[in-house]
Amino acid sequence: MFSEKLQKAFNDQINAELYSEYLYLAMKSFFEEKHLKGIANWFNVQVQEEHAHALGLYDYVHERGGHVELAAIAKPALEGDSTLAVFEQVLKHEELVTSKINALVDVAEGEKDRAAVSFLDWYVKEQVEEESNVRQLLGTLKLIGDDRHALLMLDRELAARTYVAPVIG
Ligand code: FEO
């Protein structure tokens, strides 16, 4: 039995993942317009990953016989105007998503829904990886500083990132 309370928490997380997709789409556009195609590609992979995260939750609600209720997705807002500032926002955002996933696990535990807790374990681990990847990139960007040549080298490196559909759950 999938409780109403847990169903609502899953629906809220679907919205949070779709917002992440939308935020990264806005960031992709920011870099497209700066002609940093490799960084834009990195965000394009993020967009696809967030979509998969949302659909994983969406499918799970249905698998449990629940009801998916989609809500409006907020307008994404970029907080800075530099490569470093955008990636600082990404880290802040991923830390927020981590806290939301943890809160969702808390609800599943509170409802004594072991199946949901087990399913959500994938998301808990994914957040560790997401935060780690962004911290690594932030460190590189801090080393790069104002060196445009080094930034272009990073851009070339990030152009090679490809999307691999995750196996969720
Ligand atoms: Fe779906 Fe980047 O968290």
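Q: Why is Asp113 called buried?

A: The relative accessible area of Asp113 is 7%. Buried means under 20% relative accessible area, exposed over 50% and partly exposed in between, with a 1.4 Å probe and protein chains only. Asp113 therefore counts as buried. The model is predicted, local features need pLDDT of at least 70, side-chain atom pairs count only at pLDDT 80 or more, and totals for chains, interfaces and linings use all residues. Residues are numbered from 1 along each chain as its sequence is written, and side-chain values use heavy atoms, with hydrogens and water left out.

Q: What makes the contact between Asp113 and Arg64 a salt bridge?

A: Their side chains meet at 2.9 Å, N to O. A salt bridge is a side-chain nitrogen of Lys or Arg within 4 Å of a carboxyl oxygen of Asp or Glu, so the pair qualifies. Arg64, at 23% relative accessibility, counts as partly exposed.

Q: Why can this pair be said to tie together parts of the chain?

A: Asp113 lies in the loop between α3 and α4 and Arg64 in the loop between α2 and α3, so the pair ties together parts that are 49 residues apart in sequence. The helices are DSSP runs (H or I, at least four residues), as strands are (E, at least two), numbered from the N terminus.

Q: How do you know that Glu79 and Lys92 form a salt bridge, and where do they lie?

A: The N to O distance between their side chains is 2.9 Å, and the criterion is within 4 Å, so the pair is a salt bridge. The pair links distant parts of the chain, with Glu79 in the loop between α2 and α3 and Lys92 in helix α3, 13 residues apart. Glu79 has a relative accessible area of 55% and is exposed, whereas Lys92, at 48%, counts as partly exposed.

Q: What separates Lys8 from Asp12 along helix α1?

A: They are four residues apart in helix α1, which means a separation of about one helical turn. Asp12 has 42% relative accessibility and counts as partly exposed. The structure holds nine salt bridges, and Lys28, Glu32 and Lys37 are linked in a network of them.

Q: Why is no salt bridge assigned to Glu130?

A: The nearest side chain of opposite charge, Arg161, is 5.8 Å away. For charge, Lys and Arg count as positive and Asp and Glu as negative, while His and the chain ends are not counted. A salt bridge has to lie within 4 Å, so Glu130 has none. Glu130 lies in helix α4 and is buried.

Q: Why is the pair of Trp42 and Phe43 called edge-to-face?

A: Their ring centres are 5.0 Å apart and their planes stand at 80 degrees. Rings of Phe, Tyr and Trp (its six-membered ring) pair if their centres lie within 6.5 Å; planes under 30 degrees apart count as stacked, over 60 as edge-to-face and the rest as tilted. The pair is therefore edge-to-face. Trp42 and Phe43 are both buried. A search of the whole structure finds 14 aromatic pairs.

Q: Which residues touch the most other members of the largest nonpolar core?

A: They are Tyr24, Met27, Phe31, Ile39, Trp42, Phe43 and Phe87, in a core of 24 residues. The largest share of this core, six residues, comes from α1. Another core, of 21 residues, lies apart from it and includes Phe10 and Phe119. A nonpolar core is a set of buried Ala, Val, Leu, Ile, Met, Phe, Trp, Tyr and Cys residues joined through side-chain atoms within 4.5 Å.

Q: How do you know that α2 has close to its expected span?

A: The expected span of a helix is 1.5 Å times one less than its number of residues. With 27 residues, α2 reaches 38 Å from its first C-alpha to its last, close to the 39 Å expected.

Q: What makes His35 exposed, and where does His35 lie?

A: His35 has 64% relative accessibility and exposed means over 50%, so His35 counts as exposed. His35 is in the loop between α1 and α2 and has a positive phi of about 65 degrees although it is not a glycine.
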